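Here are my notes for you to read alongside the picture. Have the structure open and find each spot as we go.

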Amino acid sequence: MAKPRLLEPLTLGRVVGDVVDTFTPSVTMKVTYSSSKLQVCNGHEYPPSSLSKKPRVEVGGEDMRHFFTLMMIDPDSPSPSEPYLGEHLHW
């Protein structure tokens with residue numbers, strides 16, 4: 001019997017599939033908030049007091065000729081029953 005494949009948090013939360021198309025990541029990305037040395041992880045909730053300043057975003061990869069656009073989407077904002085703020089300019 002085949003072992004079931006674990007779903008990534010963005011797939012499990014239906015962000016991949018409903019909000020963005022399925023994709024294969026090609027670079028790494030790390031997001032931290034300097035005020036608390038807090039590293040952002042998919043599926044975790046953070047208190048607003050820890051996120052008051054803009055984050056530090058590190059995008060990995062060897063080819064520095066590529067540029068990226070960072071989008072933040074919260075498909076449940078402000079609540080799952082009324083998600084009208086999901087695509088909001090955060091910074």
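1. Let's start with valine 57, which is partly exposed because its relative accessible area is 34%, and partly exposed covers the range between the under 20% of buried and the over 50% of exposed. Keep in mind that this is a predicted model.

2. Where does valine 57 sit? Look in strand β3, which covers residues 56–59.

3. Val57 also belongs to a nonpolar patch on the surface.

4. Arginine 56 and glutamate 58 join their side chains in a salt bridge, at 3.3 Å from N to O. The structure has one salt bridge. Are its two ends buried or exposed? Arginine 56 counts as exposed because its relative accessibility is 54%, while glutamate 58, at 32%, is partly exposed.

5. Next, zoom out to the sheet. Three strands make an open sheet, ordered β2-β1-β3, with antiparallel pairing.

6. Finally, check the pairing of β1 with β2. Strand β1 takes in residues 29–33 and pairs with β2 in the antiparallel sense over two bridges. In that pairing, look for threonine 32, which stands opposite glutamine 39 in β2.

Methods
Residues numbered from 1 in each chain as written. Predicted model: local features only at pLDDT ≥ 70, side-chain atom pairs only at ≥ 80, totals over all residues. Heavy atoms only, no water. Patch = residues over 30% accessible without salt bridge, like charges linked within 9 Å, V, L, I, M, F, W, Y side chains within 5 Å. Areas by Shrake-Rupley, 256 points an atom, 1.4 Å probe, with all protein chains shown as cover. Salt bridge = Lys/Arg side-chain N within 4 Å of Asp/Glu carboxyl O. Helix = DSSP H or I, 4+ residues; strand = E, 2+ residues; numbered from the N terminus. Buried < 20%, exposed > 50% of the residue type's maximum accessible area, 1.4 Å probe, protein only. Pairing = 2+ DSSP bridges.
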